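Load the model in your viewer and keep the selection tool ready. Here is a short tour, stop by stop.

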Amino acid sequence: MKPKLLTALAFAIFLPLALVAAASPPSASLALQTPDSHTLTFYLHGNDVPGTADGLIMNASPSSAQTLQVNLADAPSWYSDPPLTGVFEDDATFTLVKPCTVGLSLAPTYTLSLTDAAGNEIEQLGQATQLLGLCLGQEQIEIPVQTPVELVNQRLKLTVSTTAGLNVNLSLGTGTYLEATNFVEPAPEPGDAFVLSASIEGQLADEPPGPELTIGERIAIEVGVTNSSASEARLREATGSFGPMACDAAVLAPGQSTTCGVTGTVLEGPQEVAITVTGVMGGQTITSSRLGHYTGVHFASLTVNTLDDNDDGVCNSSHCSLREAIIAANTRSGADTITFSENGNGVITVPSVSSDLPALTDAAGLTIDGDGDVKVHGDFARRPFLVDPDGSLTLT
């Protein structure tokens, strides 16, 4: 007989086993017993959630208050969800907690079994029969199980049955649950717990050649860190080829992610950025590594975007003076062109620093294209340009 949800608490034709409100279990569904041992709480559900393995569900989420009509001759069963991997260690206990009414019970039998993820390959773990007697308030039925019990992607199956074959009403909610103690999850293998994904300047960089970036640019290197395990993890440090990385979060719950980042300067050619993340889980050190990739390239045009004559060591989109552009052109292979943005148009006075502009040494040729809107002034104290004998300059 398929269980169905009732709106009434009991019917006259049914022998009542109505389970009324009772004290709730501990508020946390996963309570820490020792650093590695947990107590699992499985709340019995009715038709409020889809079933599994041809039965009903019991999981860590409290069931909504409801009344479930079942026939115990059909041996209704609840399967733990999701499947478990781990060990119920020595002295683990399995206790069904449920409310009851004042009166005689039906002397049902509670059977705990182990199944595969599909609900097959059933192996009985233990059984307890509730004796006839008075039931006051809350019942706790301990099901004896020989431990340890190891599970590998398997489910616990709780079955309620009786030879009487009677229809009963079961009240489900926060007061009806199976409590199993001393459960230990397998320790993650080093490197398995953290999943890393590298990005450079906001572009995915997990695979070579990675994004193309201008040589000498300052760039942001980031790594996304996801805790793929079922346990909390603490980040200890994240490092990259450019140095220590700062992370947004230090503690990651299962499935949670964070981002760690650092800045560096683009080097020429195909590059690998080594990233290592170290953390702690259950007292065990976890280390994961990832290579980020980029390619440092010379772009044909260097754009001057300021009228000042300062040199902060790099010509980039944030600041590129004429002095910085000439230095960059001298260090790059191949012909180069220096252009000027709107902010770079006007009069550039060289003596704003205590040295002449660098000599032009680019043998492949340098073109400075001011489009008639740029003036370079030595203020009668400095030479605007000096072309090295091996260099070449074209002004337009």
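Beyond four places in sequence, His293 has contacts (heavy atoms within 4.5 Å) with residues including Ile200, Gln271 and Glu272. Ala205, Asp206, Glu207, Pro208, Pro209, Gly210 and Pro211 are also among its contacts. His293 is buried, at 8% relative accessible area; buried means under 20%, exposed over 50%, partly exposed in between, with a 1.4 Å probe and protein chains only. Its strand is S25, residues 284-297.

Strands (E, at least two residues) and helices (H or I, at least four) are DSSP runs, numbered from the N terminus. Residues are numbered from 1 along each chain as its sequence is written. Local features need pLDDT of at least 70, side-chain atom pairs 80 or more, while totals for chains, interfaces and linings use all residues, and side-chain values use heavy atoms, without hydrogens or water.

Next, the open sheet. Five strands run in the order S16-S15-S18-S23-S21, with antiparallel pairing; a pair needs at least two DSSP bridges. Zoom in on S21 and S23 (257-265), antiparallel and joined by two bridges. Cys247 has Cys260 of S23 as its bridge partner.

Move to helix H1, residues 322-331. Seven of its 10 residues are buried, among them Leu322, Arg323 and Ile326.

Finally, colour by pLDDT, the predictor's confidence in each residue from 0 to 100. The protein chain averages 79, and 82% of residues score at least 70. Where pLDDT is low, predicted coordinates should not be read in detail.
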